[in-house]
Amino acid sequence: MDRVEIEPTMETPKVVLDKDKSIIEFAGNSLPEDVNSFYQPVLEWIDKYINNPNEKTEINMKFDYYNTSSSKMILKILEKFRELHKKGFSVVVNWHYMEDDEDMIEAGEDYAEHLKIPFKMIPIQQ
């Protein structure tokens, strides 16, 4: 599988999708003008990955901020990994957040509760 790396902008997150190194990471802001066109190649890569996954998958979420349409896309992405988890593969979401960012803490907790997959809440020291 090809490695995908999307450099961050003020409106879009850094995305690293690397099966060989077992890296799946999203970091920064996510408020693209067209959320579907930005995330479509990401979803396609994840679909291919799920057809031939690594035994263990860790997803690193390091968002500073995301808008409502991005939150729906994040849920869609994580739901794909939930299906992998249901098939018996090891899946862990590492949800990184600034210690004082109540919204991001609550968002991570909401995703964890909704998806019922292992979540690690990881505070970032300021």
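User: Which residue meets the side chain of D18 in a salt bridge?

Analyst: In this predicted model, local features need pLDDT of at least 70 and side-chain atom pairs count only at pLDDT 80 or more, while totals for chains, interfaces and linings use all residues. Residues are numbered from 1 along each chain as its sequence is written, and side-chain values use heavy atoms, with hydrogens and water left out. A salt bridge is a side-chain nitrogen of Lys or Arg within 4 Å of a carboxyl oxygen of Asp or Glu. At 2.7 Å, N to O, the salt-bridge partner of D18 is R3.

User: How far apart in sequence are the parts that D18 and R3 tie together?

Analyst: Helices (H or I, at least four residues) and strands (E, at least two) are DSSP runs numbered from the N terminus. D18 belongs to strand β2 and R3 to the segment before β1 (4–6), so the parts tied together by this pair have a sequence separation of 15 residues.

User: Is D18 buried or exposed?

Analyst: The classes are buried, under 20% relative accessible area, exposed, over 50%, and partly exposed in between, with a 1.4 Å probe and protein chains only. R3 has 43% relative accessibility and therefore counts as partly exposed. D18 has a relative accessible area of 5%, so its class is buried.

User: Which residues are linked with R3 and D18 in a network of salt bridges?

Analyst: The 2.7 Å contact between D18 and R3 is a salt bridge. In the network, R3 and D18 are linked with E5 and K14.

User: Where in the chain does the salt-bridge partner of E25 lie?

Analyst: The side chains of E25 and K62 form a salt bridge at 3.5 Å, N to O. This pair links distant parts of the chain, 37 residues apart: E25 lies in strand β3, and K62 in strand β4.

User: What separates the C-alpha atoms of E25 and F81?

Analyst: E25 is a residue of strand β3. F81 is 56 residues from E25 along the chain, and the separation of their C-alpha atoms is 13 Å.

User: Why are E83 and K86 separated by about one helical turn?

Analyst: These residues form a salt bridge whose closest N and O atoms are 3.8 Å apart. E83, at 38% relative accessibility, counts as partly exposed, whereas K86, at 59%, is exposed. The separation is about one helical turn because E83 and K86 are three residues apart in helix α2.

User: How many salt bridges does a search of the whole structure find?

Analyst: Among them are the pair of E25 and K62 and the pair of E83 and K86. For the whole structure, the number of salt bridges found is eight.

User: Which residues gather with E99 in a patch of negative charge on the surface?

Analyst: E99 lies in the loop between β5 (90–98) and α3 (102–115), and its relative accessible area of 42% makes this residue partly exposed. Such a patch joins like charges within 9 Å, from residues with over 30% relative accessible area and no salt bridge. On the surface, E99 gathers with D100, E102, D103, E106, E109, D110 and E113.

User: What separates the C-alpha atoms of K86 and E99?

Analyst: K86 is located in helix α2, and E99 in the loop between β5 and α3. Along the chain K86 and E99 are 13 residues apart, and the separation of their C-alpha atoms is 31 Å.

User: Where is S22, which has a positive phi although it is not a glycine?

Analyst: The phi of S22 is about 55°. At 40% relative accessibility, S22 counts as partly exposed. Its place is the loop between β2 and β3.

User: What is the positive phi of K116?

Analyst: K116 lies in the loop between α3 and β6 (119–124). Its relative accessible area is 61%, so K116 is exposed. Although K116 is not a glycine, its phi is positive, at about 60°.

Methods. Patch = residues over 30% accessible without salt bridge, like charges linked within 9 Å, V, L, I, M, F, W, Y side chains within 5 Å. Areas by Shrake-Rupley, 256 points an atom, 1.4 Å probe, with all protein chains shown as cover. Lys, Arg positive; Asp, Glu negative; His and termini not counted. Charge placed at Lys NZ, Arg CZ, Asp CG, Glu CD.
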